[in-house]
Amino acid sequence: MVCARRASAQTADSVGVRAQGMGGAFTAVADDATASWWNPAGVAAGAFLNLIIEYGEATDSPASPPGHGGFSIAFPALGIGYYRMTVSDIRPPATSTAGGAAGRQDTGTPSVRSLELSQLGATVGQSLGNHIVVASTLKWLRAEDDSQGALDIGAMTIYGIVRAGVMVRNVTESTFGADADAITLKRQVRGGFAVSSATSTAFGGATIAVDADFLAVPTALGDERRIAVGTELWAKSRWLGGRAGFSTSTLGESRTAVSGGVSVAIRHGMFAEAQLTGGSDAVRKGWSTALRLTF
């Protein structure tokens with residue numbers, strides 16, 4: 001009897017109401033407190049103070065339990081974020097070789113396992129000239145009574161209305177558990193490009209963005225390499241904002257998903273936000289809401 005290696009999933013699209021509403025096309029846009037998750041270099045592109053509290057439910061596989069939430073706060077040179085979410089993985093069925101290599105056969109069905117992961121991160125960045133920022137998020141991860149340190153790095157360049165960014169999540173891959181029950185948070189690399197007429201968070205504008213994974217990302221239903229397209233529109237006074245997005249996998253089954261979201265100003269600098277995502281099957285469906293303070 002042999003056991004195949006488990007595939008683990010910590011999808012990038014599980015945090016940030018604005019990011020999820022844009023289908024995950026947020027790597028080059030990240031200009032709010034969720035930049036500590038989406039692209040650490042984005043903390044330099046946001047407002048003087050940004051605070052977000054969010055909660056949502058999402059289904060990454062028919063067996064994965066829903067529920068994720070957290071808070072984040074960011075200044076132009078510092079970001080802090082805490083998130084609690086579910087990480088799912090899949091283990092292929094065991095294989096029997098009793099009849100020799102030619103007689104190898106599955107002896108069961110794939111099983112999905114999930115764990116609750118808590119992440120606390122601190123983000124710092126450094127400008128390189130007038131148009132480039134590099135930054136990192138040092139993370140403290142806890143799951144199954146085990147704590148580990150981890151690191152994300154990101155870079156962003158802004159020149160006029162053009163923005164580009166790249167994000168490397170889980171630079172130091174973390175493993176929880178042992179042997180067949182181990183779950184590894186795999187390294188993920190994602191790049192993004194955006195065109196935005198919103199020169200600051202204080203004025204309205206329009207943004208169109210594209211994101212793409214450079215590496216295969218293990219999920220509870222198999223490897224994916226997603227590409228996402230999203231847009232965001234704001235009224236001139238920024239009392240109302242809307243967004244929409246589309247994503248699909250270029251590896252394996254397409255598993256397409258569409259999303260939309262809205263932001264409504266409760267008062268100056270305070271927004272109530274929500275998003276809804278619908279997938280092509282039983283996966284990538286969910287919703288989330290947030291309260292965002294921006295000054």
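The legends below describe close-up views of a predicted model. Local features need pLDDT of at least 70 and side-chain atom pairs count only at pLDDT 80 or more, whereas totals for chains, interfaces and linings use all residues. Residues are numbered from 1 along each chain as its sequence is written, and side-chain values use heavy atoms, with hydrogens and water left out.

**View 1. The protein chain as a whole.** The secondary structure comes to two helices and 21 strands; helices (H or I, at least four residues) and strands (E, at least two) are DSSP runs, numbered from the N terminus. Of the 295 residues, 47% are buried; buried means under 20% relative accessible area, exposed over 50%, and partly exposed in between (1.4 Å probe, protein chains only). The accessible surface is about 12,800 Å², with 64% belonging to carbon and sulfur atoms (Shrake-Rupley method, 1.4 Å probe; for residues, only the protein chains shown count as cover).

**View 2. Strand β14 and its two partners.** β14 runs antiparallel to β13 (residues 188-196), to which seven bridges join it; strands pair if DSSP finds at least two bridges between them. With β17 (residues 226-234), β14 pairs in the antiparallel sense over eight bridges. D211 stands opposite G192 and has A228 as its bridge partner in β17.

**View 3. Two nonpolar cores.** A nonpolar core is a set of buried Ala, Val, Leu, Ile, Met, Phe, Trp, Tyr and Cys residues joined through side-chain atoms within 4.5 Å. The largest has 26 residues, and those with the most contacts inside it are F26, V29, A30, W37, W38 and A209. Two or more residues come from each of α1 (17-21), α2 (35-38), β4 (78-91) and β8 (132-143). Helix α2 gives the most, with three residues. A second, separate core has nine residues, including V87, L115, L141 and I183.

**View 4. Surroundings of R226.** R226 is in strand β17 and counts as buried because its relative accessibility is 3%. Its side chain makes a polar contact of 3.2 Å with the side chain of E224 and another of 2.9 Å with that of S247. A polar contact is a pair of N or O atoms within 3.5 Å; within protein, one must be able to donate a hydrogen and the other to accept it, and residues adjacent in sequence count only if both atoms are side-chain atoms.

**View 5. Salt bridges.** The count comes to 13, a salt bridge being a side-chain nitrogen of Lys or Arg within 4 Å of a carboxyl oxygen of Asp or Glu. D32 and R18 form one of them, with the closest N and O atoms 3.1 Å apart. D32 lies in the loop between α1 and α2 and R18 in helix α1, so the pair ties together parts 14 residues apart in sequence. Both D32 and R18 are buried. R255 and E253 also meet in a salt bridge (4.0 Å, N to O); R255 is buried at 9% relative accessibility, while E253 is exposed at 53%. Salt bridges that share partners join R18, D31, D32, E232 and R243 into one network.
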